[in-house]
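Dear colleague,

Please find below the structure I wished to hand over to you. My notes on it follow directly after the display.

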Amino acid sequence: MDLTASQKRSSVWEINYRERVSLASRLVKDMLDDEVKKQQLKINIADRPEQLKCGFCDTPVHFSEHIQLGLYFKHRAAGKDEEVRSLHSSCPFYTGDDRHPLLAQIYSGEGRWHFDTKHLIASILERDPLCKLDSVQVEKYIINHDENTKRRPDVYFEDLQDGKWAIELTNHWMNPTIAVERAKFFRNNDINVIWLLSPKCHLNQDSMFRFTLFGLSGKPNTTSEISSHFNGYAMDDDASLISKQESKFNIKALLPTFYVNRTENKVEYNVEEVIVHFSELHKDSESNVPYLDHKGINYQKAKNELEAYKADERERKKQLERADTERKKREKEARIKAAEEASIHERKQRKLAKEQKAKELANSKIEYDKFCNELIANIKNLLDSDFDDLPIFEAIKKSDDMRLYQEDKVSRIRSLNSKNNFFNEQVLKSLSSLRGHVEYLVSHYDSIMTSEQHAIIQSQLNRIDYLSEPFDYSYVYKPILSLALNMFENMPNRLHESFYQEYWTQISHKIRRFSTAVSQEVEVMVKDSLKQAPIPSHITKVIGAHNMLNKTDFANINHTHMNNIEQLKHLYEHISHSNFS
Ligand SMILES: [Zn+2]
């Protein structure tokens, strides 16, 4: 037999001894520690072999001593009993089959904590001074923990005051119906139950953790009243270590402290951990789940606080809404007021603008009337005018000027009328009269001379004007003089007879002006000639001028000059011995 495998199995082999479950390894140790106990056990087995049975196959076992293996338990031989033989064949503790589902589950870890913790607690309770020694009972390890028929707790014991206790090891999810059934069973039998969480449940705070703390820590009720105390318990390494060290059953109490999470609007909790001895727990007659610190009030307080906070929030929201409504109302009123003020301002501005415009209009009207009155007065004078005493060209020009004047005034009056809607009947009448007068003058003077004739005279006058321009007497005198005389003697043949006199007047006037300029030079020249030797070519020019002047009335106006010229003539005749013609 393999020593290690045998010892390993021994540590998980449950043996029923006097209707109680013990570990084979435990019984071996007890016997090794206490020779008396060992011998008494030997006697008891010899007396009634059925007192000691395999926890799995329920067939009698006994112990042997071996030089190498030491003290160990083994199944009794089946002999010819076929039923026992069959039971042995399926028992892993008989066959040594480590792959058997039971052993595999215990070894693999899933059941390990449950198995080890159950036996650890039992062994500690047996040494705990506040526990009745003979009261400790362990439930046989069963693969299916959720089996509905199960009523015996994992560990059962009684305290010195005859209080009954059940330890329910909780390592995984449990059907709530089954959990409630068990809780009811413990309540009905007045057994204090401790739902003891594994380190895995405890550390993860998984659904079993929450179910134990908040679901199983009170009696179910349909009212809103909180009767639960919300204390939970765990058996972790700390509790195990202290329990072992003190040989007292200590557990870790898990105490939630509730508070309001205002950000998420809900009640949350922190869990405080305290290691306590089971005797320190208060018994709860309602649920039969003992507690260290009742947290129901704390929970109710946090809940109330949350409700109050929510109510405050609602009230605050309402106030904000009211304030918002008020603000909107004020804003609306302000908008209306501003609009009214703007409207008043606008009306005022419009009124001012209107007044300003009226004022400007009034001023314009004054100006307009003044202008009209001046115009009327002016027109009155103009209506009396004719240009009969002027040369015909000037008369035409004057009548044209008057027409332009009249047109200008008419357009100005029209512009002012249409712009400001002014109306001055009198000025319109005056302008109308002026128009009539102007029409008469223009047509009158135009009828005297055709435009073609007018153009002919004008062209002649332009040439005379050219003659009048300053010139160099020494070089251009003769051709200019010839031109003037030629013009003078050759009347344009398309000119109307009636304008001959007019033409004559104009031309002679120009020639006279020209001759006056010439005569001044002649005067100087004559004086010079008389002093010095006469210059024939100059004298020729002077004679030309003399002939020209004779054709005008110059001679009658300026006797001195003519006298000078006469002297020159004589001088020339004397010098040249020729006739002056
Ligand atoms: Zn067996």
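Two strands are taken to pair if DSSP finds at least two bridges between them. Helices (H or I, at least four residues) and strands (E, at least two) are DSSP runs, numbered from the N terminus. The model is a predicted one: local features need pLDDT of at least 70, side-chain atom pairs count only at pLDDT 80 or more, and totals for chains, interfaces and linings use all residues. Residue numbers start from 1 along each chain, as its sequence is written.

Confidence

pLDDT is the predictor's confidence in each residue, from 0 to 100. For the protein the average is 81, and 75% of the residues score at least 70. Residues 142-149 stay under 50, and for them the model has eight contacts beyond four places in sequence; a contact requires the C-beta atoms of two residues, placed from the backbone, to lie within 7 Å. Over residues 470-476 the pLDDT is likewise below 50, and this stretch has three contacts in the model beyond near neighbours in sequence.

Sheets and hairpin

An open sheet of seven strands runs in the order E6-E7-E8-E9-E10-E11-E12, with mixed pairing. At its edges are strand E6 (137-138) and strand E12 (266-277), each of which pairs on one side only. Helix H12 packs on this sheet, where it touches strand E11 (250-261) and E12. The direction of H12 makes about 15° with that of E11; axes are lines fitted to C-alpha atoms, for helices over the stretch in contact, and angles run from 0 to 180 degrees between N-to-C directions. Within the sheet, strand E9 (residues 191-197) pairs with strand E10 (residues 232-234) in the parallel sense over two bridges, and leucine 197 stands opposite alanine 234 in E10.

Another open sheet has three strands in the order E2-E1-E3, and its pairing is antiparallel. Strand E2 (20-23) and strand E3 (52-54) each have a single partner strand, so one side of each is left without a neighbour in the sheet. On average, neighbouring strands here are turned by 35° against each other, direction ignored. Strand E1 (residues 14-17) pairs with E2 over four bridges, with isoleucine 15 opposite serine 22 in E2.

Strand E4 (residues 61-66) and strand E5 (residues 70-75) are paired in the antiparallel sense over six bridges. A hairpin of three residues joins E4 to E5, and histidine 66 stands opposite glycine 70 in E5.

Helix packing

Helix H12 (residues 296-384) packs against helix H14 (residues 425-448) at an angle of about 30°, with the axes 9 Å apart. Residues making the contact include Cys372, Leu375 and Ile376 of H12 and Val427, Leu431 and His437 of H14.

Yours sincerely
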